[in-house]
Amino acid sequence: MKKRVIIVTDGDLMAQRAIETAAQNIGARVISRSAGNPTILSGEEIVDLIKEAKHDPVIVMVDDRGNTHKGDGEKAMEYILNSNEVEVIGAVAVASNTSKVTGVEVDVSIDRNGNVTHQAVDKDGNPKDDKIIKGDTVDVLSRYDIPVVGVGDPGKMEGSDDVEFGAPIITKALEEVIKLYELKNKLKKQ
């Protein structure tokens, strides 16, 4: 069976610590070697690591380090999304202060207070007036039919997602991706 994968579009040290905590909270595996700012591993290398994971869902991180063009993170993400060897069940799209990007429409977001909102959020986790999350590593996602959950900066948001509190925002975002994936599958079967 193909391993189920959730992609998170951030990979700096703070995000990595929060994502590792969140993965532990939900019983998922995380490919810590996929972290980096920018992404160091190729999509092919990440897929190989996913296949070696003991169980799923497997969380991977991709990051363009502010590059508004298709950087290393988006190239790796595109490879993973197109791979026949794994099943990407959704993505957590991380907002940044990048403005020269198209962005991606979210299904829902988790705001800095842990609320599910049908709007996008900004880097600080505050709800916006639209559904488009803007980040340096999110544009590729708009071409794929997977659930997308928006969040502010993992591990930060002025302390509301701190690992000392159990990284509650990114944890809830991962749980929401799984819920949306399961709902989508249930609807397909009807």
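Modeller: Asp12 and Lys156 form a salt bridge, their closest N and O atoms lying 3.3 Å apart; the term means a side-chain nitrogen of Lys or Arg within 4 Å of a carboxyl oxygen of Asp or Glu. Asp12 sits in the loop between β1 and α1 (13–26) and Lys156 in the loop between β9 (148–151) and α4 (168–189), so the pair ties together parts 144 residues apart in sequence. Helices (H or I, at least four residues) and strands (E, at least two) are DSSP runs, numbered from the N terminus. This is a predicted model, in which local features need pLDDT of at least 70 and side-chain atom pairs count only at pLDDT 80 or more, while totals for chains, interfaces and linings use all residues. Residues are numbered from 1 along each chain as its sequence is written, and side-chain values use heavy atoms, with hydrogens and water left out.

Asp12 is buried at 14% relative accessibility, whereas Lys156 is partly exposed at 27%. Buried means under 20% relative accessible area, exposed over 50%, and partly exposed in between (1.4 Å probe, protein chains only). Both residues belong to a network of salt bridges that also links Lys123 and Asp153.

The whole structure holds twelve salt bridges. One of them joins Asp56 to Arg4, with 3.2 Å between the closest N and O atoms. Asp56 lies in the loop between α2 (43–52) and β3 (58–61) and Arg4 in strand β1 (residues 3–8), so this pair connects parts 52 residues apart in sequence. Asp56 is partly exposed, with a relative accessible area of 23%, and Arg4 is partly exposed at 23%.
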